[in-house]
Amino acid sequence: MKPQLSIFFILFSILAIGQTKVKDTITRRANIVFIQNGNQVSFKPETPPLIPIAGAPKPSYSYLWELGDGHYSKEAEPKHVYKNKGTYTTRLAVTNNYDNGKPPATRPKKVAVNDITDTNYKDIASIADQNGFAIIKNCDPIPEQEMVVVVSYQNLENYVSNGKLYLFYNEKQFKHNNFELSDFRTYAGEREVKENLVAAVDDLNDSNTFLASAEGNFKTKKYRNTTTEEDLDASLLDANKTYHNVSILEFDDANPGETRNVFYTFKTTPEMIKDTSATVTMRGIFVPNRSYKNHKVKNLEMEIVTSHDPNKMGSNGSFMNYRLVRFKRVNFKTRFQNNGEGPARKIRLETDVPEMFDKKTFQIESMYPECPICPKGEEPTVSCLDTIIKSKQIIFTFKNIYLPGSEQKNVQEKDSTKGFVKYSMKFGEDFHKVKTKSRTAIIFDKNDPIITNYATTRFLPEFRLEQKRVIIFIPI
């Protein structure tokens with residue numbers, strides 16, 4: 001090869017390498033560090049630097065500590081007193097908010113407790129809500145990343161109980177599964193069981209006849225927060241119709257007032273729908289006593305995201321059947337977080353409304369901070385939510401509230417700095433089969449607005465069989 005040609009190929013190779021986008025294979029890691037005094041342990045995370053997003057709020061980390069004895073904490077640097085001697089495996093899930101990098105990976109770390117020096121043992125950050133049943137997550141799902149779900153249940157009876165837990169996931173409305181259950185961890189002797197839900201519902205052998213007849217008359221139940229139910233058969237049938245997969249655990253000897261936690265690690269699949277405003281759910285069913293049908297139902301709603309941004313908008317209308325939505329209510333949800341150094345007293349949400357929706361059907365489903373609707377025609381003196389409906393917008397204004405800031409002194413629980421508005425609307429009479437998108441401008445007090453992602457609605461493609469005329473010649 002001539003020298004000139006050699007130099008040419010070298011230069012060409014350098015240019016080609018410079019133009020090739022090299023995949024970032026560097027794994028960021030967070031380490032678990034702790035200081036121990038007998039059975040009292042103070043934890044601290046060692047985290048890599050955050051990568052800011054231009055124009056976004058200040059990046060930050062949020063944490064979910066699994067302390068190895070069935071307790072957990074969402075504090076950045078929790079302190080925990082272990083009740084008994086033993087070796088405990090602690091885990092940490094770190095979420096990077098407003099950050100361009102991947103969440104830092106962590107490795108479990110063992111804590112050996114050989115002496116009981118502190119008898120001030122108490123349950124921390126692990127009490128279920130007033131209904132005795134709660135489901136939380138460490139983050140919203142991002143395709144091909146891990147997320148942790150914690151199911152908390154509490155025995156509210158005045159006797160020792162033996163019950164059951166169901167966690168349903170992977171909704172049948174989506175073409176592909178969104179989650180793979182890679183691991184679950186129990187700390188109170190809960191054991192996994194297999195169950196034919198169709199047979200269990202009918203109290204017979206596997207009966208497709210019952211399922212078919214029941215589906216014709218069964219109406220899908222709408223669950224808000226934690227719902228107390230008495231017809232366990234109907235709840236299991238509804239969940240079995242809605243979800244592909246279920247994890248079932250049995251538990252024994254739960255003492256009165258005792259709270260227990262189960263930790264699930266899910267890997268989101270590459271096939272997870274890429275719509276970053278789509279809403280996916282999991283559903284938990286808690287049966288306090290296996291001898292009775294009384295139970296509690298809880299839905300966990302999540303928006304699929306591309307980055308962990310606490311200010312976002314989502315919708316359950318991402319994939320709709322055009323022929324079945326005439327009377328369907330489409331839910332929208334705007335989430336927000338006060339990232340300031342002080343509390344927010346007034347929060348204004350300016351939300352776009354696509355033309356195809358009938359604003360006369362607008363209704364608020366739920367909100368946080370929870371407060372009444374503001375009275376019309378007068379300036380409120382108490383906490384309330386004001387709503388103004390315009391031609392292309394709905395403006396929500398939280399007035400006279402107190403929402404702590406994530407950078408505020410003495411604020412340990414980051415969830416207390418978050419809020420949301422969930423509302424629904426029906427389609428107008430002359431709506432068309434077109435994709436819509438809307439977003440929200442979030443204004444905390446007198447600060448500059450934060451613009452959310454777009455929440456989209458779209459219709460599933462319809463498949464029509466083409467009719468072909470076939471002419472057959474019959475010889476005479």
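Two strands are taken to pair where DSSP finds at least two bridges between them, and in the predicted model described here strand 1 and strand 2, which run antiparallel, are joined by seven such bridges. Within this pairing, the residue that stands opposite Val 33 is Lys 44 of strand 2. The two strands form a hairpin in which two residues lie between them, and Gly 38, located in the turn, has a positive phi of about 65 degrees.

On its other pairing, strand 2, which covers residues 40-46, runs antiparallel to strand 5 and is joined to strand 5 by three bridges; here Val 41 has His 80 of strand 5 as its bridge partner. The three strands together make an open sheet with the order 1-2-5 and antiparallel pairing. Because strand 1 (31-37) and strand 5 (79-81) stand at the edges of the sheet and each has a single partner strand, one side of each is left without a neighbour in the sheet. From one strand to the next, the twist averages 25 degrees.

The protein as a whole contains four helices and 28 strands. Of its 476 residues, 47% count as buried, and the accessible surface comes to about 26600 Å², with 50% of that area belonging to carbon and sulfur atoms. When contacts between residues at least 6 apart in sequence are considered, 74% of them join residues at least 24 apart.

Gln 145 is placed in the loop between strand 8 (133-137) and strand 9 (146-154). With residues up to four places away in sequence left out of the count, Gln 145 touches Pro 103, Phe 266, Lys 267, Thr 268 and His 308.

A further position examined was Glu 303, which is found in strand 17, a strand that covers residues 295-303. Glu 303 has a relative accessible area of 2% and is therefore buried, the cut-off for this class being under 20%. The side chain of this buried residue is joined to the side chain of Arg 335 by a polar contact of 2.6 Å.

Methods. Residues are numbered from 1 along each chain as its sequence is written. This is a predicted model: local features need pLDDT of at least 70, side-chain atom pairs count only at pLDDT 80 or more; totals for chains, interfaces and linings use all residues. Side-chain values use heavy atoms; hydrogens and water are left out. Axes are lines fitted to C-alpha atoms, for helices over the stretch in contact, and angles run from 0 to 180 degrees between N-to-C directions. Contact means heavy atoms within 4.5 Å. Buried means under 20% relative accessible area, exposed over 50%, partly exposed in between (1.4 Å probe, protein chains only). A polar contact is a pair of N or O atoms within 3.5 Å; within protein, one must be able to donate a hydrogen and the other to accept it, and residues adjacent in sequence count only if both atoms are side-chain atoms. Accessible areas come from the Shrake-Rupley method with a 1.4 Å probe; for residues, only the protein chains shown count as cover.
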